[in-house]
Amino acid sequence: MKKFNIRKVLDGLTNVSSSSSASPQPGNRENDTIQENLQSEHFQLCKTVRHGFPYQPSAMAFDAVQKILAIGTQSGALRLFGRAGVECYCQHESGSAVIALQFLINEGALVSALADDSIHLWNLRQKLPAVLHSLKFNRERITFLHLPFQSKWLYVGTERGNIHMVNVESFTLSGYVIMWNKAIELSSKTHPGPVVHISDNPMDEGKLLIGFECGIVVLWDLRTKKADYRYTYDEAIHSVAWHHEGKQFICSHSDGTLTIWNIRVPAKPAQIITPHGKHPKDGKKPEPCKPILKVEYKTTRAGDPFMVLSGGLSYDTVGRRACLTVMHGKSTAVLEMDYPIVDFLTLCETPYPNDFQEPYAVVILLEKDLVVIDLAQIGYPIFENPYPLTLHESPVTCCEYFADCPAELIPALYSVGSRQKRQGYSKKEWPISGGNWGQGTQSYPEIIITGHADGSIKFWDASAIMLQVLYKLKTAKVFEKARNKEDKPSTDIVDEDPFAIQILTWCPESRMLCVAGVSAHVIIYRFSKQEVTTEVVQLLEVRMPYELNDVDSPEAAGEQTPAVSTPGATSSPQSALPPAQTHPSTSSNSSDGPRDNVPCLKVRCSPLKQSPGYQVDLVVQLLWVSGEPPQQITSLALNSAYGLVVFGNFNGLAVVDYFQKTLLMNVGVQELYGLADPFQRQPRSPRKARQPSGGVCDVNDGSNASEDRCKSPTSGSCSPCNSDEETKHHKFIDKMKQKSRRFSKTVANDLAKMSRKLVTVPDQKHETVAEHIHRRRSLQPKKRVCGVRTAAQVSRNRAGSSIVRTPSAPDLYAKDSSFSRSRSSSVTSLERESREIISSFHFSETLSRKGEAMPGPSLWVGTSQGSMLVLPLTVPASSELRMQQAPAVSFGGVVTRLKGGILSMATLDSAGAPLHPPYELWYDPNLPDEREEKDRWKRRRPASPPSGSQEGAPDTHYVVLCSEKQAEVIVLPAQTSVFKHNITEASFVLRADVVQMNTGCCIACFCANGHIMALSLPSLRPLLDVNYLPLTDMRIARTFCFSNLGQALYLTSPTEIQRLTYSQETCDNLQEMLCELFTPVETPEAPNRGFFKGLFGGGAQSLDREDLFGETAAGKASRSLAQHIPGPGGMEGMKGAASGIVGDLARTRMALDERGQKLGELDERTAAMMASADSFSKHAHDMMLKYKDKKWYQL
């Protein structure tokens, strides 16, 4: 294990500033040596499981004995489903669409046919299914597959109308071929079209029913190799189904009709049915309907047969959704589906086609859903689906992954989510019940949270590589519903989905949830097990105007700049509120002027009934400014111990106290720097002055408001004369002192300290933050106003002719909108890239200031230009003060700069362990005994104690930063860099997180070039670098996330989540964790034929297909017709696929299979040698007879 010494690194630094060199250094050498336990052998990347609905499904099959469902997709994927929690995913290498699937019933094998004219044999007896054999057709296109029950010969229909036989054991073609020109009548002059159906007679395996697209059906005798009967209809055929007695079959046609034929009467159909056609009274032919794409005919012992069909609706049903029709006796039920039907299967009690089928359910595969209906109950109710197939119910817009959560979270979420389940499901068990769960040892709780386009949020239980929905939250309930088109949300930020979730942050310990939507709104939720009715939704409105200047990066981009620590001006909302100002309201359809001071969405003003679960605590909305919509929120963070929520966007950041429902800070990005701004921001020309319909007065301007507005943009620049600077400083301090009685004590103390520093250091060159803000107010008098109101007040004010807006915080950052720059959707991407935005936040209790001896609360801010700034926080120490006084936020200056935008930040203690921010343990806010303030404050977790630092010496902390290009570790409180690593040069990092592993912590990164990397902490050694998945879709970048203990996931398609692990331990245990698809099950006994049927031969007739299709009888097929390809999942690939007892059984089975395969090969070679010997003997005998009676001279 590698060790490094921080002291040696610090001693080698030569660029330590005087302020940092004065800071006390760690005095204990043992504390400076951090031992890293994570090594490269602890990491390995592999996929674990895929959840969700198969994207773009195309085919389906069901094993009636094993109870396993298989679904193929247009991308060549296979998804197999059993009982709840039993899922499996595998992929064809070619990626071609799956057009047909056939199970080898109760054999643990599956045959798939692809659009590239290849068929594959999958082995399902191992936990990771693999291809055993493949057969690629070269000259014909595959259209249909049929595999009779308990047969090893597969019928393959082609586009040319021919039928080939494939041995599924050896995957070789037979020389027996049914040619289309022999199947149809010789008098026919046209090609019958592709083969659309193949099936054998249930009572006679020697009779094969072949359906051609043109409408011809042929009953082919396999023994005599000729057609017995031919059935012709004018309309094209889509599907064919047998009656179990083998005397009748039914066809579905393109005109919406069903024809029932007696096999011995080929002249005309016995019955023609138009299920949805209108029957004229004059006896004419019914009007044509839409094609019936599929029909199934199932019989029962004690009642009428079932006919199940899809399609066939009349053409006058415009706009009607796809339907499944169930005809049972005289009743016809039409079941509407939410999506188009891809395929359906009727589940029956017996796998034998020559017995009464006794159907009990219908599995319907839709384009975006899987539905199973119960045929045994009145009304055909659906079964409750146990699979996580509702992931895409609304498109996923964001995703977060939490591993190793508190154990009580999942039961709590399940208890409130169970009340949300729909009623009316079938009372029977889910019929797809095959397979067994894995026996893995991974038992820690895992939760996945997904945000959706309709504003909903879903919590999923992801423990033990399963996925089950726990709870669903609808954020759109907070807002008013649109009654008509005019009332729809009039936001210019997005064209549709105004409630879509953009960012979410969750504190598992306190169960606090905070979400940001695309309409520039933030909603804070608390978790409660009690149902409440909120009379008035608490609303906080924030005005964040656009900054005026662009950003030009300095020449030494990416290099660390000296941190200029300026005395922090703090902000606090504890000011006396001035008289309310009024101005005319501007509605969304107002023609008098641009929209101003209105949010994008309207919060409901009526009482809100909130069920147990997550309940709204506060809604924060950004307002329109001078006719321009607010910018979308780009970063969000929450801390339950401080009661703070911070969010940022293109304009700046805002800090909200959700305890007191007030705004603590609202500043632009440039204001965070002070004079330490490393960028050259070029002022832009002001836009043409608007004629505002009304403005909010700057409540802090007082008598100087008109004077400030009259100043030119350059009149506020600082004079180089020190005396003028001192005069301005003292004037500003005097002015602030006069107003300090409206501020908190913390602000007053900071102002006093700043005043003393100005007096004692008259020649200071650096501008204070307070003066900088004051100067910027004179330069750009924009307004940043926050209104704290209830939703009812908002509604009442907007209903009248005027609107009241009450500022809730001292307007240190108030600015006028006369120089506001356009923030409409017409802003080019180049303009957006040149603007510095807030990209990340991190709350921490650490040494945020240079020279600090004790850790304190702080907020770390990262920007898109690679700057990291710190905002020290002052949080009251007792519950009484906290409820009366809000925290104070100060400016700490720039700490460092990296190349690329800051993606994530974390803090480590002196031992290199993660220093998690404090949090508040959960309490139910609606229970009286838990609502008391003193109990609430007792639940706050204290900060981590110093880890063995020397008495009198400050503790040492480390800040870990990761940007789009680099990673860096900074030691605190010196604020000096100790390690720096260039992650990528040609690409950029999309997602980076500091994650906890079993033996340490590391940085996990996902790059746009597809590389997944891990770096050790704090030395930033590369531990893992795998080229996994290149960025092909922005969906991956938006949803990729890492979690603790080596877990990660991303949205691989609009409907599926792919989970993966980068932990070697998880990879080693993956085989035990995966489910088993195949389980030993007895095949049901064949139906009893009865005495008389056995005596007179009325039962089913079997056929020895080997005698007909084998090489001895039929010969070999043409080599150019198809090519055999051994699969990667052959005998060698199956070795070591399992471990333990299951592995021993698998290896024994493999040994038997190998022995059988070798014996089979030996038999084939022996047969070939015997045939060769017979041929040689025959030729020798012929030669002997030819020359037997000839003389030697006649030779």
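Buried means under 20% relative accessible area, exposed over 50%, and partly exposed in between (1.4 Å probe, protein chains only). This is a predicted model, where local features need pLDDT of at least 70, side-chain atom pairs count only at pLDDT 80 or more, and totals for chains, interfaces and linings use all residues. Residues are numbered from 1 along each chain as its sequence is written, and side-chain values use heavy atoms, with hydrogens and water left out.

**View A. Phe-1040 and Tyr-1050 form an aromatic pair.** Rings of Phe, Tyr and Trp (its six-membered ring) pair if their centres lie within 6.5 Å; planes under 30 degrees apart are stacked, over 60 edge-to-face, and the rest tilted. Here the rings are stacked, 5.6 Å centre to centre with 10° between the planes. Phe-1040 and Tyr-1050 are both buried.

**View C. Arg-511 lies over the face of Trp-922.** Arg-511 is 4.0 Å from the ring centre; a charge counts as over a ring if NZ of Lys or CZ of Arg is within 6 Å of the ring centre and within 35 degrees of the ring normal. Trp-922 also belongs to a cluster linked by ring pairs, including Phe-402, Tyr-471 and Trp-506.
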